[in-house]
Amino acid sequence: MDHGIALRWKQAVVVTGLVSLLAAPALFAAEAQPPAPPQEAPTEQASDLGLELRLQTVKKDLLVMLNFAEHFIASGETKTAAQLQAPLDDYLRRHADYLVTQAVDGSNIEMTQLSAEIALVKTRLLIVLNYRDDAGSVLTEMKSLYAPYQKMSVQIQGKTTTLDEAIRQLDTDLARIAKK
């Protein structure tokens with residue numbers, strides 16, 4: 001009797017396989033559709049989103065560096081703060097400066113605002129580290145680069161102000177360290 005059940009199972013499997021093989025071409029033909037057009041290059045919106053995410057990352061990184069620098073300077077660890085110079089210069093050259101320029105060249109006002117905030121944080125960081133010449137150069141560049149956007153609001157360290165007011169404050173801070 002076991003032999004009879006096993007034989008029926010074999011027959012059922014073979015029949016099911018045959019039905020599947022015979023029905024498969026009809027099934028695939030019904031599903032076959034003309035090939036999809038090739039994928040387009042990333043849209044401008046997608047590249048803007050990528051640039052915006054990279055700018056946000058750079059801003060966060062610079063804020064972390066600023067916090068470290070302020071902590072080290074406040075605690076009298078100027079040697080430790082001076083050790084930030086090489087990685088900071090490398091980071092600014094390789095990432096921040098390029099992205100800021102790229103964002104200003106774009107037409108998206110949000111990215112221009114974000115790039116201005118990055119430039120402000122960068123300048124503040126240079127002032128905290130007492131890099132007067134570099135901070136002065138960045139301020140001069142900001143004044144020309146963001147001249148059309150002076151009344152744009154920016155958010156720096158949790159405070160919202162206009163770009164021209166933030167630049168004016170950084171000018172005052174730079175003048176204060178120049179007198180020392």
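Which residues does D173 touch, not counting residues up to four places away in sequence? D173 touches R124 and I127, where contact means heavy atoms within 4.5 Å. This is a predicted model, in which local features need pLDDT of at least 70, side-chain atom pairs count only at pLDDT 80 or more, and totals for chains, interfaces and linings use all residues. Residues are numbered from 1 along each chain as its sequence is written, and side-chain values use heavy atoms, with hydrogens and water left out.

**Overall architecture**

- The protein chain contains seven helices and two strands, taken as DSSP runs numbered from the N terminus (helices: H or I, at least four residues; strands: E, at least two).
- Along the sequence, the elements follow the pattern α-α-α-α-α-α-β-β-α.
- Of the 180 residues of the protein chain, 30% count as buried (buried means under 20% relative accessible area, exposed over 50%, partly exposed in between, with a 1.4 Å probe and protein chains only).
- Among contacts in the protein chain with a separation of 6 or more, 69% are between residues 24 or more positions apart.
- The protein chain exposes about 12,100 Å², of which carbon and sulfur atoms supply 59%; accessible areas come from the Shrake-Rupley method with a 1.4 Å probe, and for residues only the protein chains shown count as cover.

**The largest pocket**

- The volume of the largest pocket is about 280 Å³; a pocket is an open set of points on a 1 Å grid over the protein atoms alone, where a 1.4 Å probe fits, with protein on both sides within 12 Å along at least five of seven lines.
- Volume here is the space filled by probe spheres set on the points, which are joined across faces, edges and corners.
- The lining (residues with an atom within 4 Å of a point) consists of L120, R124, I156, Q157, K159, T161, A166, Q169, L170 and D173.
- At least two lining residues come from each of α5 (109–128), β2 (159–162) and α7 (163–179), and α7 gives the most, with four residues.

**D173 in helix α7**

- D173 is found in helix α7 and counts as buried, because its relative accessibility is 9%.
- The side chains of D173 and R176 are joined by a polar contact of 3.2 Å (a pair of N or O atoms within 3.5 Å; within protein, one must be able to donate a hydrogen and the other to accept it, and residues adjacent in sequence count only if both atoms are side-chain atoms).

**A116 in helix α5**

- A116 is found in helix α5 and is buried, with a relative accessible area of 0%.
- Leaving aside neighbours within four places in sequence, A116 is in contact with M142, Y146, M152, V154 and L163.
- A116 and L163 are 47 residues apart in sequence and 7.7 Å apart in space, C-alpha to C-alpha.
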